[in-house]
Amino acid sequence: MSKAELQNWLLNNSGFNIRYNNLTIDSVANQFANLERECPELQESHDWNYLLLCASLLAQSETEQCQKTALRIAQYCLECGEASTTEKHGAAIILDSLANKQTIYLAEQREFIQTNYADRIPFPLFQEWTRRSLENTITLSNSTKLEINRFQHRFWDSVKVNDWVSVSAPTSAGKSFIVGQWMSEYIRLNPQATIVYIVPTRALIQQVQRDIESNLKTDNVENVSVETLPLQTSLKEGQANVFVFTQERLHVLLAAFNNNISIDLMIVDEAQKIGDNYRGVLLQQAIEAVVCRNERCKIIYASPMTANPQILLDDSPENISSKAILSEDIMVNQNLIWASQVPRQPKLWNIEVILEDNPTKLGLIKLQSSPVTTGKRLPFIAHSLSNPNGGNVVYANGAADAEKMAKLLYDLVGDDSDILTCQDIDNLIDLINKTVHPDYSLINVLRRGIAFHYGNMPLLIRMEIERLFSINTIKYLVCTSTLIEGVNMPCQSIFVRGPQKGHNKPMNPSDFWNLAGRAGRLGKEFQGNVICIDATKENVWKEYIPKSRTKFRISRTSDEVLSNSSELLAFIDRDNPRSENPEERRLEYVFSYLVSSFIRNGDLNSSPWARRYPTEQIENLNDKVSRALCNIEITEEIILRNPGISPVAMHELLKYFNDRTIEQARSVEELIPIPAESDDAFEGYIQILHRINSHLGPVFGRGRRVGQIALLIVDWMRGYPLSRIIANRKRHYESKETPIKLPALIRNTMKDVEEFARFQAPKYLSCYINILQLHFQQIERQDLNDRLMDVNILLEFGVSQATQLSLIGIGLSRSSAIYVSEFIANDSLNESECLSWLNENNWMANDMPELIKAEISTVLENKRY
């Protein structure tokens with residue numbers, strides 16, 4: 001019998017399974033102080049000699065089931081008080097054979113085993129320990145040693161010899177760590193490389209920027225510029241450049257260089273987002289644009305637990321070596337737990353753990369009060385099963401739900417949880433008071449160690465919440481879908497009930513398990529819990545009832561559209577109707593993508609993805625795109641600068657300009673966007689938004705909504721702090737005698753800033769200006785070009801001065817940049833000059849909020865000032 005056959009036999013052995021399931025039940029149940037176990041007096045002690053022997057065999061496998069079984073046995077042996085010192089040393093050896101050093105270090109920190117335990121194990125085991133230590137250590141080019149696990153070793157070996165690598169692994173496997181370490185090594189060997197690191201959301205940009213800067217500093221890698229601004233001036237000569245962008249910002253950078261910039265390395269984090277509707281199309285388009293400029297660009301794709309990471313390698317250029325890595329290495333065990341109400345007893349709830357797809361009872365919990373409404377079930381269960389020391393995440397289906405649940409938790413924990421003295425909490429509250437609103441409900445719940453968190457919140461506030469949660473100052477964190485988007489916020493337990501991603505859109509299995517991957521903090525917890533409330537109710541869990549982890553398949557949005565191209569062809573034949581229908585918007589993005597691909601490659605047949613489709617289909621699409629381009633006057637440069645907007649719609653806007661200026665003989669200057677500081681800017685932008693709605697697409701609402709968004713755009717470009725924008729909107733509602741509650745006003749303002757001021761407005765206004773420049777050329781009025789602004793940058797970052805933009809470029813949040821700029825007389829400082837000013841005038845920070853001062857210190861430290 002081979003080793004693999006023996007391992008498989010053991011996993012299916014009834015005697016082993018009885019012992020292992022009993023151990024698992026004890027391991028999971030002992031985490032919850034309020035859990036009433038059934039017949040605790042009948043619980044048997046564990047045969048550690050037998051279980052550790054089995055674990056030592058299973059640990060030699062690379063399959064997920066074997067690894068998580070071995071990990072569970074070793075983990076609980078370390079935690080269990082009945083295990084002897086020798087048995088715990090045996091558990092540590094099993095963890096070492098799994099290359100799980102972090103869990104061993106955690107056991108040492110908690111004094112479950114003595115430090116330097118390897119010095120006390122028998123010599124043959126010590127020899128094996130030494131061998132594994134050598135195998136799981138790599139030597140870097142600067143002669144330093146790096147301890148890694150088995151998955152990380154496979155990744156390192158693969159990127160050394162392959163140009164394109166697509167890697168999929170569990171969240172706890174350490175993808176981010178090893179990618180960061182390898183990037184430092186890559187820069188050492190390529191000291192003038194240009195690197196782009198793609199993150200899925202703006203919320204992650206500065207977090208990743210600071211992580212990279214911190215890693216580079218720790219690794220003693222010097223002469224590297226880490227930038228987040230998509231400007232020509234961001235590219236520094238004679239040194240390595242790292243750009244941290246979303247796909248939208250990468251498109252802006254490519255446009256700034258007229259696509260004439262060569263990228264040496266591109267890292268695509270959360271690469272499965274290539275299937276994320278229109279943003280997935282933008283991501284694919286950005287990758288292809290980079291590769292079109294430099295076919296030798298090295299690309300690393302990273303995704304969590306996907307079944308087909310190799311799909312991302314399909315379109316690699318010829319003579320490019322590629323490798324897909326699909327790892328099942330488990331570093332932290334995750335428990336899937338169901339909580340269901342006992343019939344006729346609303347305060348009593350069954351708690352079950354899922355073992356081999358089957359619910360197995362752990363015990364009962366009794367709630368303090370009956371959850372009369374369904375909205376109370378999730379916070380009530382979360383409170384009852386929470387760890388009082390922290391690490392509790394509650395998933396909410398929207399920002400309003402998050403605030404409501406945080407208020408319920410505030411009431412549940414009671415005044416015994418009041419935080420009377422905590423400087424960190426006081427500093428955060430002070431910042432919220434000054435940058436959002438004194439009556440923002442986050443202030444109140446923070447005083448009991450509770451917070452809510454969603455992507456539209458100001459960056460500095462959100463990052464401080466994450467930090468305080470990571471050190472357990474905040475015990476409960478109520479989150480929305482930003483947790484799925486790659487936000488680095490691991491926890492001990494996640495509580496969910498009928499999760500949705502978007503309004504009334506049930507979460508699919510891939511997003512659920514991506515969310516669940518946050519449970520279990522490597523190096524901080526021995527296991528993590530995903531606690532599903534009412535999991536047996538199909539009317540609650542409409543899309544998916546979780547029973548076992550499933551790998552999801554990556555699917556490009558463009559492939560989904562092209563697989564049934566009849567709808568796309570009909571859309572093209574209808575001259576690309578502009579519609580609010582999400583499906584029509586998706587067709588518009590794919591059509592724009594096809595046109596860009598046609599321009600870059602000469603025709604669609606030469607596109608890298610065309611080989612995956614029948615020749616007849618590609619030729620049909622090629623003919624449609626070619627005909628569409630023949631009927632429009634928009635230049636290829638403008639089309640490439642504005643991905644996601646139909647060239648036909650651009651042509652319609654140009655026709656409007658020509659008709660208005662030439663046929664109607666109206667002033668062309670009235671079409672020019674007005675500077676935000678002008679008194680008539682508000683009225684001017686109302687007119688521009690109406691033109692965009694009529695010709696490029698109905699994206700800015702109707703009626704009064706257009707005026708509301710125009711006011712927001714003007715305030716945002718003026719560089720007003722969020723608190724002032726909220727106050728202005730409140731006055732706007734009051735002037736119209738329109739009733740609105742303050743919490744909703746704050747949330748909606750934050751949402752509009754992200755959706756309109758920072759996304760839709762820069763996208764469409766930039767296109768508007770590009771087409772206006774073409775119109776100026778056609779009527780020979782190029783002299784007016786000097787009056788056009790780069791609104792894309794002004795809106796994306798919400799600033800009105802070069803100094804403010806430079807402060808953001810060096811790593812400050814917008815809130816801090818706006819605050820600091822009030823003390824700087826010169827409004828046109830570059831990044832180097834801003835760093836000098838901060839270093840020389842630190843005394844001016846005395847009156848600033850403590851968190852802004854701390855952020856300045858972090859930036860100066862990371863920039864090695």
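This is a predicted model: local features need pLDDT of at least 70, side-chain atom pairs count only at pLDDT 80 or more; totals for chains, interfaces and linings use all residues.
Reader: Which residues of α1 and α3 meet?

Author: From α1 come Lys3, Leu6, Gln7, Leu10 and Leu11, and from α3 come Tyr50, Cys54, Leu57 and Leu58. By class, this contact has 7 nonpolar, 1 polar and 1 charged residues.

Reader: What makes α20 roughly parallel to α22?

Author: The axes of α20 (residues 565–573) and α22 (residues 615–630) cross at roughly 15 degrees. The term is used for angles under 35 degrees, so α20 counts as roughly parallel to α22. These two axes come within 11 Å, and α20 passes α22 in a left-handed crossing.

Reader: Which residues form the contact of α20 with α22, and how do they divide by class?

Author: Ser565, Leu568, Leu569, Ile572 and Asp573 in α20 meet Gln617, Asn620, Leu621 and Lys624 in α22. They divide into 4 nonpolar, 3 polar and 2 charged residues.

Reader: Which residues touch the most other members of the largest nonpolar core?

Author: They are Leu442 and Leu568, in a core of 194 residues. Helix α28 (residues 742–778) gives the most to this core, with 18 residues. Leu568 also belongs to the contact of α20 with α22. Leu442, leaving aside neighbours within four places in sequence, is in contact with Ile432, Ala451, Phe452, Met457, Ile461 and Ile465.

Reader: What makes helix α11 mostly covered?

Author: In α11 (residues 247–256), 9 of its 10 residues are buried. The buried residues are Gln247, Glu248, Arg249, Leu250, His251, Val252, Leu253, Leu254 and Ala255. The helix is followed by Asn258, whose phi is positive, near 50 degrees.

Reader: Why is helix α30 described as largely enclosed by the rest of the structure?

Author: The description follows from the count: 7 of the 8 residues of α30 (residues 802–809) are buried, so the helix is largely enclosed. The buried residues are Thr803, Gln804, Leu805, Ser806, Leu807, Ile808 and Gly809. They pack against α10 (205–218), β6 (224–227), α29 (791–797), α31 (814–821) and α32 (831–840). After α30 comes Gly811, whose phi is positive, near 120 degrees.

Reader: How do you know whether Met305 is buried or exposed?

Author: Its relative accessible area is 5%. Buried means under 20%, so Met305 is buried. Met305 lies in the loop between β9 (298–304) and β10 (322–326). Its phi is positive, about 50 degrees, although Met305 is not a glycine.

Reader: Why is Asp357 called partly exposed?

Author: Asp357 has 37% relative accessibility. Buried requires under 20% and exposed requires over 50%, so Asp357, lying in between, counts as partly exposed. Asp357 is found in the loop between β12 (345–355) and β13 (358–366). Phi of Asp357 is near 70 degrees, a positive value in a residue other than glycine.

Reader: What makes Gln708 count as buried?

Author: Gln708 has 9% relative accessibility, and the cut-off for buried is under 20%, so Gln708 counts as buried. The residue has its place in helix α26 (residues 704–717). Not counting residues up to four places away in sequence, Gln708 touches Arg729, Tyr733 and Asp752.

Reader: How do you know that Ser646 is buried?

Author: The relative accessibility of Ser646 is 0%; this is under 20%, and therefore Ser646 counts as buried. Ser646 is found in the loop between α23 (636–641) and α24 (647–663). Leaving aside neighbours within four places in sequence, Ser646 is in contact with Asn576, Glu588 and Phe591.

Reader: How many residues separate Ser646 and Leu587 in sequence, and what is the separation in space?

Author: Ser646 and Leu587 are 59 residues apart in sequence and 9.5 Å apart in space, C-alpha to C-alpha.

Definitions and conventions
Residues are numbered from 1 along each chain as its sequence is written. Side-chain values use heavy atoms; hydrogens and water are left out. Contact means heavy atoms within 4.5 Å. Helices (H or I, at least four residues) and strands (E, at least two) are DSSP runs, numbered from the N terminus. Ala, Val, Leu, Ile, Met, Phe, Trp, Tyr, Cys and Pro count as nonpolar, Asp, Glu, Lys and Arg as charged, and the others, Gly among them, as polar. Buried means under 20% relative accessible area, exposed over 50%, partly exposed in between (1.4 Å probe, protein chains only). A nonpolar core is a set of buried Ala, Val, Leu, Ile, Met, Phe, Trp, Tyr and Cys residues joined through side-chain atoms within 4.5 Å. Axes are lines fitted to C-alpha atoms, for helices over the stretch in contact, and angles run from 0 to 180 degrees between N-to-C directions. Angles under 35 degrees count as roughly parallel, over 145 as roughly antiparallel, 65 to 115 as roughly perpendicular and the rest as oblique. A crossing is left-handed if the near helix is turned anticlockwise from the far one by less than a right angle, and right-handed if clockwise.
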